[in-house]
Amino acid sequence: MNKLKKWKGLLWVLPSLAGVSLFYICPFVQGMWYCFTTGVTKRQFTGMKNFVSLFHNNAYQLAVKNTTLIIGASVLLLCLLGLILALILEKNFKKYKGLQFWLLLPMAVPAASLLLLWKDLFEQGGLLGSCLGVRTDFLSCNETPLVIIGMILWKNTGYNVLLVLSSLMLLPPEYEEAARLEGAGSWQVARFVKIPQLVPMLFFTVIISIYNSFKISREIYLLKGEYPHKSIYLLQHYMSNNFLGLNYEMLTTAAFTLYTVIFILIFMGARWQQHYTEQML
Amino acid sequence: MMKYKKWWLVALGISLVLTGCQPGQKAQKEVAMGRYLEESLCFQGEDDSVQSYQRVYFENLKGEAEAIEQDFAREKDIFRCWQKDQDGTWKQADTALSNALNQSGLTAVTAVEKDKTLNKIYVIGFKYNAAQNSMGEPMGMPCILEMKEGAVLQEISTEFNKEVPTKFIVHISNGKMITLDTEGDSLKEYDIESGRKIREMAEDVKDFVVLQDKLYLLKNGKNTLLQCYDIASGEKENESQLPDEIRLSNMVAAEDQKGVYLVSQSGIYYLQQVGQIPEKVLDGNLCNLPQYSRPQLCQGIFYIDQLQYVYHQELPTVPDRKVTIVTVEDNYSLKQLVARYRKENPESSIEYITMAPYVGESDKTNAQRNSEAVQKLNTQIMTGAVPDILLLDDLPVDTYIEKNVLGDISELITETEKDNSYYEQLINAYEKEGKIYAVPLGFKIFKAVGEKTFLKEGFDLSKLAAYQRQHPDEQAVQFSEMETGELVKLMSSFYKDKLIHENGSVDQKTMKAFLEDIKAVLPSQDPNACNYEGEPVIIAAQKKQLKAALKEISTAQDLQELFYAREQMRDGMITSHIAGKDACLQPIQIMGLSIKGTKNEEAKKFMQYALTQKRFNNKDLYFFYGLSVEKKENTTYLSGQQKDYNDMMEKDEGVILPTIKDGILTNVYLHDWYTEETETYLKQLEQEQVIRPVNEKVAEIIQQEAASYFEGSTTSQQAAEAIKEKIDLYLSEQNLK
Amino acid sequence: MKKILSWLSAGLMISGAVIPIFYIVLHSLKGQALIKEIYTHKSMYTIWQRMFIKPFYVNLDQYYEVFLKTPGILYMFWNSMSIVLPVVVGQGILAFLAAYGFSQLKFPGSETLFFLYIVIMLMPFQVTMVPHYMMLRQLKLLNTRWALILPGMFNTFSVFFLKQFMESIGRNYLEEARLLGAGEGQILRYIILPMSKPVILSVILFVFMDYWSMVEQPVLFLKTEAAYPLSAYLGTITTENIGAGFAGSVLYMVVPVWMAVYAREDLVESFKMTNLK
């Protein structure tokens with residue numbers, strides 16, 4: 001009975017797990033098998049050949065570089081901005097009725113409707129160009145990653161601020177008061193009292209930020225097509241173009257590699273967070 | 001544990017319900033018999049010179065089937081009448097109505113309708129009168145005539161004339177007439193006696209049908225709506241949206257007055273009541289059902305444009321031998337071919353699938369539709385659902401060859417080659433390592449009209465560009481019927497070897513110069529500034545097929561063959577001489593057999609059939625020459641016709657032939673050909689070589705960057721750099737380098 | 001000083017959120033012909049001229065087109081609804097159950113399985129596209145709405161979100177309930193469900209927005225364009241076929257924005273609860 005009881009939780013997960021296995025895990029496993037094969041209509045086993053050619057591929061290297069840069073920077077900035085703005089807004093947050101709504105609004109605006117605005121802002125002769133007095137197409141130049149990061153920030157910062165804010169408001173005030181009594185300034189309070197307590201929330205925020213940042217590829221695709229400027233050529237481009245070229249195995253190999261990395265990172269992050277929280281307590 | 005069993009069951013139940021109510025495809029019906037087949041024209045007259053007609057009427061005062069057609073091709077409009085005899089064939093006959101019409105002085109007749117309640121026939125048409133337009137030509141005035149005592153047509157109600165613009169679709173009963181104004185799409189009701197307008201019934205109407213006392217309206221927009229009105233009260237009773245595939249349809253009432261048939265390109269559908277799901281009675285995928293053409297129904301046979309659709313009881317509804325053909329865009333010629341094949345092999349079924357069907361006023365650009373289609377098709381291919389035969393236009397042919405999607409068809413070709421010598425050359429376009437993967441069955445020719453110096457000795461872009469830079473005001477060569485993008489693609493195919501090194505990388509310097517040259521020769525904004533005088537030249541021609549077309553012209557046995565061959569040439573040459581020595585081509589209707597298809601005997605058979613057909617028949621011609629299909633031995637139509645034309649040309653009359661293009665009647669000016677000319681062409685073409693087009697993706701990249709350069713947003717240097725970068729990226733990404 | 005800073009940042013963020021919406025709404029009030037004109041001859045106008053073109057007068061032509069003349073966009077709107085609503089409901093129920101299992105009734109390997117869920121959540125669509133397509137074909141779901149709804153229902157995003165929240169519910173609290181003889185079903189029904197109402201609402205909001213804006217799946221799995229959701233249509237708007245696109249965009253935004261308004265209180269509430277540790 002006891003042995004069975006241990007598995008009780010699985011029972012609750014099962015309905016979801018059934019569907020997840022059917023629609024996500026099975027396809028993913030099958031996709032993993034494709035990593036070691038080649039051919040379109042008839043698949044042949046090739047061993048590690050796909051991985052070798054993937055790592056030697058210039059386009060892939062470029063894509064990895066750009067993706068790490070853009071997604072990494074956006075996630076970092078998103079979390080930082082979320083934290084800083086939340087700390088700034090904290091005191092007065094209750095006064096701003098309805099601020100939550102405005103923070104959420106960018107998320108509710110569909111990407112498709114925004115495309116025309118992005119074009120107006122960043123294309124040649126757009127607002128940004130005329131403000132800076134240059135005639136550059138900011139959607140295809142070396143500075144484009146900054147524009148893309150800007151787009152990600154615009155869409156997700158508010159959400160992250162809300163996430164952090166809500167947990168800030170829940171922190172027990174005693175610690176802060178104690179620190180204040182000891183003469184700590186705002187910065188010190190934030191650094192040594194508040195942030196450590198926010199760590200679990202920040203971990204959650206990081207994952208949500210990664211999830212949201214990856215969605216930018218759709219916008220880039222809609223804006224610039226299959227082959228954008230090389231500075232914003234992302235892994236998703238590499239994958240979908242290889243799909244169009246019927247190199248499905250390269251797609252799955254790239255994805256598999258990417259997800260191994262993400263898995264390890266998250267796993268390590270989670271471990272660290274657990275460790276850190278335990279230490280705190 | 002027992003306590004939460006209930007919850008568990010609920011969750012299970014929900015997931016079961018959700019998975020259980022999949023509206024999966026219904027099982028195929030059991031083998032039933034009977035289906036409609038497309039058949040060629042029934043009205044086969046003796047007079048082969050008849051070139052076009054419109055059929056407007058179907059029942060005479062006695063209630064017999066009688067068809068009135070109007071011959072447009074003559075100087076004077078002629079009305080001919082056909083009657084159905086006992087074995088079901090239509091025979092030409094002089095009837096009271098046709099005689100009366102011919103004597104009436106009417107020119108274009110837009111409607112002949114019978115008022116069944118009063119047993120009268122009304123004709124709406126145009127009549128020339130004394131008034132003249134600004135050009136000093138007589139003006140056609142609309143009029144309505146009433147058929148009296150069998151033969152005499154009497155013009156009625158002058159008041160009516162002022163009200164009535166061009167009317168096409170009409171219903172008459174009880175002395176009241178409902179008309180559809182084809183320009184304004186508005187539906188109005190008139191009293192015939194007084195000619196007064198009774199009421200305006202609806203707007204934005206594309207077609208209508210009157211069934212008993214109900215009026216069914218078809219409204220076409222982004223969505224097709226079918227509305228039902230009560231005629232007496234004018235109240236809307238019912239409305240439903242028709243499925244997407246029945247867009248752009250026309251209607252005809254069922255003969256038992258119990259329902260309506262909807263005819264669109266995707267098929268003929270029967271609908272008994274508004275709101276019901278239409279039942280498909282004919283699959284349009286394999287037919288040539290036109291858009292915007294009003295169908296007629298007579299004794300169970302549909303008459304649409306110049307084709308008829310006859311029900312065959314002895315044929316199985318779903319044939320057992322199956323072939324799937326996939327095309328990106330709807331292709332009339334292919335459909336035509338399929339239809340003909342099916343007629344010859346009624347026991348086999350060919351599934352014709354369009355990946356990016358044109359559904360009415362779509363908001364998507366062609367590029368978007370195509371890339372979606374390619375993505376869909378690739379997914380299908382990768383999941384193993386490979387079609388047997390692919391029409392490779394707009395598809396990445398090179399990738400498909402590379403990835404072994406296409407099978408070797410050299411076997412099929414060697415068999416058919418014997419009687420079609422010209423295919424042997426065409427075939428090389430998609431030959432790789434001794435295997436042949438696809439064959440273009442058609443070609444497109446671009447033409448350039450301009451100064452002799454630039455065209456006669458072979459076309460040279462940089463030479464032309466240099467001249468244009470010095471003389472920016474004139475235009476030495478006009479590339480007609482060509483968008484900028486197409487021109488870029490064509491030219492980059494032309495200079496492929498210079499622009500792209502053997503290892504695939506782009507020569508940036510040459511590319512820059514190339515872009516600048518193209519910009520210099522681009523047609524100027526003002527079309528009037530173009531210099532049309534000079535000699536046309538083919539800078540792009542799939543020579544061997546062109547040669548074949550020319551050969552056909554010189555050896556054409558009858559009018560149809562002659563016109564067919566001319567039609568093929570029309571895009572390419574208007575008159576006179578070819579001068580270019582280099583040729584560049586745009587192969588079209590590239591057909592390939594997939595690996596899967598090579599195992600399907602029926603698919604192979606069809607492929608072979610396509611090859612032996614030499615060419616796809618052209619729908620325009622099929623329609624147009626419907627009346628002159630009949631071949632006669634030992635009759636040299638060619639010379640006879642030529643003489644006629646020569647006479648006309650001498651009199652400076654030209655030859656204007658009406659033809660149906662995209663469902664719209666247009667006039668095409670055909671020029672004459674001479675045997676000596678053809679021979680000159682043949683000789684020149686023999687010396688030329690085939691050039692393969694540049695890779696689709698590469699062309700796309702060049703086109704994109706070139707466009708932004710032409711717009712002025714980038715410099716040629718930047719554009720060339722971007723092209724090099726992107727192409728390098730593409731090549732390394734696809735492991736092609 | 002701090003107050004100014006906080007007002008400033010709040011103001012900045014609000015204006016950042018408002019401007020694009022203002023832009024879309026403003027353009028939706030211009031006639032179709034005008035929109036077409038300014039977008040095809042883009043280089044002739046500056047962005048200011050384009051936005052506030054003179055003489056400016058409100059023209060509801062686009063809305064007329066969307067709602068009355070060619071109801072295509074309206075139909076697509078309902079297509080969207082009929083796809084997204086089942087997804088939201090299904091995912092809500094399934095994820096609620098699973099999150100409970102993951103957080104309160106840990107079993108051997110539950111952590112690893114949960115990591116798998118996170119990775120699945122982060123997986124882009126193309127990766128599993130081909131096997132996914134094969135699966136749908138075998139299940140005979142292709143060209144039906146269920147090809148979008150069923151996989152959507154099993155998306156793991158809300159499991160991740162809800163689990164995070166349920167972790168924070170004190171274990172002792174539930175143990176007490178168990179000792180009092182409450183079954184798991186009762187705990188779920190009478191303790192967890194009321195507590196997690198706001199969280200579920202916010203999850204619903206995000207799932208809704210996710211599926212409201214999907215583009216690739218409908219294009220691939222649905223045959224007829226008439227069955228496409230609005231997002232797939234809006235994704236195809238370019239400057240050449242702009243037409244009533246702006247009014248369509250407004251229609252498209254209305255539901256998520258309304259939901260954001262409706263859910264904002266609960267949302268903050270939910271974030272608080274996520275941190276209840």
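This dialogue covers how to read an interface and a surface patch in a predicted model.

Student: How is the size of an interface given?

Tutor: Interface size is often stated as the accessible area lost when the parts come together. Here, chain A and chain C bury about 8,400 Å² between them, and carbon and sulfur atoms give 77% of that. In chain A, the residues that lose the most area to chain C are Trp12(A), Phe23(A) and Tyr24(A), together 10% of what that side buries.

Student: How many residues does the contact take from chain A and from chain C?

Tutor: Chain A supplies 86 residues and chain C supplies 97 residues.

Student: How many salt bridges are counted between chain A and chain C?

Tutor: The count is 3 salt bridges. In one salt bridge, the side chain of Lys215(A) meets that of Asp210(C), at 2.6 Å from N to O. Polar contacts are a separate count: 10 residue pairs across the interface of chain A and chain C.

Student: Which helix gives the most to the side of chain A that touches chain C?

Tutor: Helix H2 of chain A, residues 8-34, gives the most, with 20 residues.

Student: Which residues form the nonpolar patch on the surface?

Tutor: Val18(C), Phe22(C), Trp48(C) and Phe52(C) form the patch, and together they have about 390 Å² of accessible area. Val18(C) belongs to helix H1 of chain C, which covers residues 2-28.

Student: Is Val18(C) buried, partly exposed or exposed?

Tutor: Buried means under 20% relative accessible area and exposed means over 50%. Val18(C) has a relative accessible area of 30%, so Val18(C) is partly exposed.

Definitions and conventions
Residues numbered from 1 in each chain as written. Chains lettered and ligands numbered in written order. Predicted model: local features only at pLDDT ≥ 70, side-chain atom pairs only at ≥ 80, totals over all residues. Heavy atoms only, no water. Patch = residues over 30% accessible without salt bridge, like charges linked within 9 Å, V, L, I, M, F, W, Y side chains within 5 Å. Areas by Shrake-Rupley, 256 points an atom, 1.4 Å probe, with all protein chains shown as cover. Salt bridge = Lys/Arg side-chain N within 4 Å of Asp/Glu carboxyl O. Helix = DSSP H or I, 4+ residues; strand = E, 2+ residues; numbered from the N terminus. Buried < 20%, exposed > 50% of the residue type's maximum accessible area, 1.4 Å probe, protein only. Contact = heavy atoms within 4.5 Å. Buried area = accessible area lost by both parts, 1.4 Å probe. Polar contact = N/O pair within 3.5 Å; in protein donor to acceptor, adjacent residues only side chain to side chain.
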